[in-house]
Amino acid sequence: MDLIGRIKILNGTQNIGSNGFRKRELIVTTESQYPQHILVEFIQDKCDLLNGYKVGQEVKININLRGREWINPEGISKYFNAIQGWRIELLSSSEDRSLVSQDIELVSFLDDDPGKIYLSNTLNMDRFNINEGNYKSLQHELRFKIGEQYELNEFNLKSIESTLHNDIEYENYEYIRNDFKALFGIKFTSNIILQYNGDILSKVVYEFHQKHYNYLYSKIKNYGINETILEVIIIDKHICQIVLKKNLEAHF
């Protein structure tokens, strides 16, 4: 089980009792619509995993839920729960927010329209040609499949401005149904964009806060579908995107 959030409080190691038991606690704040402040404890040798971490960093913690029963002198049972961490991973730091270098190329968001521009370079755009090995797992996460029919989502879409590329018109839509708000546990910053050509889905754009870039990169590099490309792209210092599209550059 994973917990993703930003370190709010990081306490020192406590030595409890005379048998050498050690415990270290931290408070992690989740970045959800209703942020939660979660206390996680690391015990014994796991306390040392927190060395080098500091308040404000975004982390992913692998956790176990623990519960125990205690019977007081009156014979009444009481129950206590704890969240114990056994692994921690840094997702972002202050350095991550400056990933966009000065050596950039201006590239269109959905087409060649100069009014819709993002920033991209080889340091912060990563492309993966993918195979069928993890098809089912990825398809479950992404929800949409390149090549599927418009009618599958017809009543969940809001039409936005169409785009023209290589003399081909693409119809663009926002996915507005309130049942898909996050990918790999990270909330979207705006509605998903679906692009169709002749009622066939040709591109999907998922948008996130840029601070999640490293985590999203680590997730998509393990996945793939035959004849499909996944890209993770830094748009600017605030926004990054995952783009799902056909592995045919001439169509985009």
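This is a predicted model: local features need pLDDT of at least 70, side-chain atom pairs count only at pLDDT 80 or more; totals for chains, interfaces and linings use all residues.
User: Which way do strand 15 and strand 16 run relative to each other, parallel or antiparallel?
Analyst: Antiparallel, with 7 bridges joining strand 15 to strand 16. Two strands count as paired if DSSP finds at least two bridges between them. The strands themselves are DSSP runs of E with at least two residues, while helices are runs of H or I with at least four, and both are numbered from the N terminus.

User: Ok, back to the strands. How many residues sit between strand 15 and strand 16?
Analyst: There are 4 residues between them, and the two strands form a hairpin. Across the pairing, Leu230 stands opposite Leu244 in strand 16.

User: Is strand 15 buried or exposed?
Analyst: Buried: that goes for 7 of the 7 residues of strand 15, so the strand is largely enclosed by the rest of the structure. Buried means under 20% relative accessible area, exposed means over 50%, and partly exposed is in between (1.4 Å probe, protein chains only). Thr228, Leu230, Val232 and Ile234 point one way, and Ile229, Glu231 and Ile233 point the other way.

User: What about the core? Which residues have the most contacts inside the largest one?
Analyst: Tyr206 and Ile242, in a nonpolar core of 32 residues. Strand 15 and strand 16 are among the elements that each supply at least two residues of this core, along with others including helix 1 and strand 14. Another core lies apart from it, with 13 residues, among them Phe42 and Leu50. A nonpolar core here is a set of buried Ala, Val, Leu, Ile, Met, Phe, Trp, Tyr and Cys residues joined through side-chain atoms within 4.5 Å.

User: Which ring partner does Tyr206 have, and how is the pair arranged?
Analyst: Phe180: the ring centres are 6.5 Å apart and the planes are at 80°, so the pair is edge-to-face. Rings of Phe, Tyr and Trp (its six-membered ring) pair if their centres lie within 6.5 Å; planes under 30 degrees apart are stacked, over 60 edge-to-face, and the rest tilted. The two are 26 residues apart, with Phe180 in the loop between strand 10 and strand 11 and Tyr206 in strand 14. Tyr206 has 0% relative accessibility, and Phe180 has 8%.

User: What lies over the face of Phe180?
Analyst: Arg143, at 4.4 Å from the ring centre. The rule asks for NZ of Lys or CZ of Arg within 6 Å of the ring centre and within 35 degrees of the ring normal. Arg143 lies in the loop between helix 1 and strand 9, and is partly exposed at 35% relative accessibility.

User: What's the phi of Arg143?
Analyst: About 75°, a positive value although Arg143 is not a glycine. Most residues other than glycine have a negative phi. Gln44 has a positive phi too, near 55°. Gln44 is in the loop between strand 3 and strand 4.

User: Switching topic: is Lys23 buried or exposed?
Analyst: Buried, at 17% relative accessibility. Lys23 is in strand 2. Leaving aside neighbours within four places in sequence, Lys23 is in contact (heavy atoms within 4.5 Å) with several residues, including Gly12, Glu41 and Phe42.

Definitions and conventions:
Residues are numbered from 1 along each chain as its sequence is written. Side-chain values use heavy atoms; hydrogens and water are left out.
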